[in-house]
Amino acid sequence: MPLSMILPGEERVIERISGKDDTKRFLNSLGFVEGNDVTVVSKAAGNIIVGVLDARIAIGRKMANKIIVAEK
């Protein structure tokens, strides 16, 4: 399921990153790597704030749709 569908407060594991190679490299540089835990902190106006690798990162809904997560 895409990260954009997760409710605030839920923690998941990154299963895979979809999209072009540039998109995958960009997300990997932010810490979105397969196997890492990710938590949705909040959602507002199409933006999602997520916690990954002890950091909080804001991403748009389109980018969050490229991050596929699974139950922990």
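1. Strands here are DSSP runs of E with at least two residues, numbered from the N terminus, and two strands pair if DSSP finds at least two bridges between them. Ala44 stands opposite Asn47 in S3. Two residues lie between the strands in this hairpin, where Ala45 takes a positive phi near 50°.

2. Please keep in mind that this is a predicted model, in which local features need pLDDT of at least 70, side-chain atom pairs count only at pLDDT 80 or more, and totals for chains, interfaces and linings use all residues. Residues are numbered from 1 along each chain as its sequence is written, and side-chain values use heavy atoms, with hydrogens and water left out.

3. Moving along, S3 and S4 are also antiparallel, with six bridges. Val50 has Ile57 in S4 as its bridge partner. The hairpin of S3 and S4 has two residues between the strands, and Leu53 takes a positive phi near 50° there.

4. Arg12 has Val38 in S2 as its bridge partner.

5. Now the whole sheet: five strands form an open sheet in the order S4-S3-S2-S1-S5, with antiparallel pairing. Strand S4 (55-60) and strand S5 (67-70) each have a single partner strand, so one side of each lacks a neighbour in the sheet.

6. Finally, have a look at Ser4, in the segment before S1. Ser4 has 5% relative accessibility and counts as buried (under 20% relative accessible area, 1.4 Å probe, protein chains only). Leaving out residues up to four places away in sequence, Ser4 touches Lys43, Ile48, Arg61, Ala64 and Asn65 (heavy atoms within 4.5 Å).

Note on methods
Helix = DSSP H or I, 4+ residues; strand = E, 2+ residues; numbered from the N terminus. Buried < 20%, exposed > 50% of the residue type's maximum accessible area, 1.4 Å probe, protein only.
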